[in-house]
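Visitor: Hi, could you walk me through this structure? I would like to begin with the surface and then move on to the charged side chains.

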Amino acid sequence: MTETYRFDPGSLPLDDTWDVIVVGGGPAGCTAAASAAREGAKTLLLEATGALGGMGTQGLVPAWCPFTDKDRVIYAGMAERVLRETMAGMPHVDPAWLDWTPIDPERLKRIYDDLVTEAGVEVLFNTFLTSADATEEGEVETLVVSNKAGLSAYRASVYVDGTGDGDLAVWAGATYEKGDPATGELQPATHCFVISNVDMYGYLYRGTIRFGEGEHIIDTILASGKYPEIPDTHGNNTIIGPGTVGFNSGHLWDVDNTDPVSVSRAMMQGRRIADAFQRGLAEFFPAAFGNAFLAQTGTLMGIRETRRILGDYVLTLDDYLERRSFPDEICRNAYYIDVHNTIEEIEQINDPEWMAAHTLHYGKGESHGVPYRCLTPKGLPNVLVAGRSISTDRLVQGSTRVMPVCLAMGEAAGMAAAFASTMDRPDVHAVDVVRLRTRLREEGAYLPDVMD
């Protein structure tokens with residue numbers, strides 16, 4: 001856009017009754033809101049879509065990343081509650097299946113609804129953050145939001161940014177990094193989808209779409225040249241219900257979630273990719289997909305990366321490699337370094353040696369700490385960040401971006417926000433981390449003792 005328009009809305013209705021406002025109802029935002037309310041803070045959760053859960057619900061990501069360090073559950077507390085309640089409604093999921101556990105997105109929506117409402121959170125759906133007004137000292141005073149009531153203003157003592165892109169923090173003046181430090185390139189996105197009426201015997205025993213033993217059918221589909229819409233062999237798939245398979249498949253490059261034009265184009269392209277997958281599977285994997293149909297595509301694009309807010313501490317690759325612990329850590333993380341390929345690298349995905357050299361995995365029982373200081377944006381006294389936009393370097397963000405760790409850090413952020421809201425002048429940087437860690441442990445969080 002090259003033209004400008006001066007917008008003066010005049011006065012807006014203002015609701016200034018809140019202790020904590022959380023923006024964004026993804027995994028981190030949901031646990032942040034529930035945790036703040038559980039600590040006694042009057043809490044409002046603003047969500048841009050019509051359901052909570054983000055990538056696991058609206059985004060149709062079909063499986064959780066691992067909840068264990070191959071030894072025990074390390075994303076405990078509220079995170080484990082969400083996992084266990086999801087599993088309880090899925091008869092085909094063994095109670096011991098804690099890593100790459102399938103997700104029923106409709107059930108998960110209700111689980112998040114219950115999590116926040118039972119804690120006493122007020123939720124506003126279909127409500128978009130429009131601006132964050134801050135003082136010269138960086139203190140956020142008011143949020144302006146847009147929904148069917150028009151523009152409205154909301155005010156709280158403390159705010160939690162769970163937008164995934166750091167919108168609230170950036171609009172309030174936070175500094176940030178974005179994408180590859182040298183090129184600015186972002187990880188590719190994925191538009192997840194669901195195919196139903198799948199023959200389960202054929203799916204389990206007559207072929208392999210991607211991974212596992214035997215011929216990979218996705219390779220055959222691409223080699224045929226009949227489905228040029230399918231960009232690559234990224235073909236993760238999981239049984240999420242009777243005759244129903246969820247797909248986290250296909251990459252879309254040059255998608256920037258902070259650019260509405262970019263995302264709008266990607267959503268249309270993603271739907272074409274999903275359709276091509278269904279048609280290709282029907283032709284080359286008829287034993288499973290001959291009578292199947294494309295049931296749904298995500299209402300959210302699967303975004304892996306945009307902004308990383310610069311906080312009081314930047315978690316680095318060296319911290320990850322050293323399995324480092326911190327006196328102020330608020331959760332542990334064991335997920336591998338998972339930075340998805342550039343378009344130039346995509347042909348290497350089938351090369352085991354190349355993949356081994358470009359991914360970093362922990363051994364059994366290994367994890368690293370996530371410091372509270374990664375959640376506190378520099379220069380903003382009353383804002384916390386939780387989710388994929390916390391303060392890390394780019395490679396570590398490839399690990400901390402996934403849903404289990406977002407659930408865990410959200411619970412800590414909400415609790416810290418509630419603590420800060422009771423201060424005479426709220427300051428998230430001055431929260432007593434010993435008290436915070438003690439309360440998190442009392443609520444079931446996995447936080448081993450660390451040296452000061």
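Visitor: Which residues form a nonpolar patch on the surface?

Guide: This is a predicted model, and in it Tyr201, Leu204 and Tyr205 form such a patch, with about 390 Å² of accessible area together.

Visitor: Where is Tyr205 placed?

Guide: Tyr205 lies in helix α5, which covers residues 200–205.

Visitor: And is Tyr205 buried or exposed?

Guide: Tyr205 counts as exposed because its relative accessibility is 58%, and the cut-off for that word is over 50%.

Visitor: Okay, new topic. How many salt bridges does the count come to?

Guide: The count comes to 29 salt bridges, and we can look at a few of them one by one.

Visitor: What does Glu85 form a salt bridge with?

Guide: The partner of Glu85 is Arg81, and the closest N and O atoms of this pair are 3.0 Å apart.

Visitor: How many residues apart are those two in the helix?

Guide: Glu85 and Arg81 are 4 residues apart in helix α2, which covers residues 78–88, so about one helical turn separates them.

Visitor: Are they buried, or partly exposed?

Guide: Glu85 is partly exposed, at 28% relative accessibility, and Arg81 is likewise partly exposed, with a relative accessible area of 29%.

Visitor: Which side chain meets Arg81 in a salt bridge at 3.0 Å, N to O, from another part of the chain?

Guide: That is Glu118, whose side chain meets the one of Arg81 at 3.0 Å, N to O. This pair links distant parts of the chain, since Arg81 sits in helix α2 while Glu118 sits in helix α3 (residues 105–119), 37 residues apart.

Visitor: Is Glu118 buried or exposed?

Guide: Glu118 is exposed, with a relative accessible area of 58%.

Visitor: What about Arg38, which side chain does that one meet in a salt bridge?

Guide: The side chain of Arg38 meets that of Glu443, at 3.3 Å from N to O. Here too distant parts of the chain are linked, with Arg38 in helix α1 (residues 27–38) and Glu443 in the segment after α13 (433–442), 405 residues apart.

Visitor: And how exposed are they?

Guide: Arg38 is partly exposed, with a relative accessible area of 29%, and Glu443 also counts as partly exposed, at 29% relative accessibility.

Visitor: Last one: which residues are linked with Arg38 and Glu443 in a network of salt bridges?

Guide: Along with Arg38 and Glu443, the network of salt bridges links Glu39, Glu411, Arg439 and Glu442.

Technical notes: Residues numbered from 1 in each chain as written. Predicted model: local features only at pLDDT ≥ 70, side-chain atom pairs only at ≥ 80, totals over all residues. Heavy atoms only, no water. Salt bridge = Lys/Arg side-chain N within 4 Å of Asp/Glu carboxyl O. Buried < 20%, exposed > 50% of the residue type's maximum accessible area, 1.4 Å probe, protein only. Patch = residues over 30% accessible without salt bridge, like charges linked within 9 Å, V, L, I, M, F, W, Y side chains within 5 Å. Areas by Shrake-Rupley, 256 points an atom, 1.4 Å probe, with all protein chains shown as cover.
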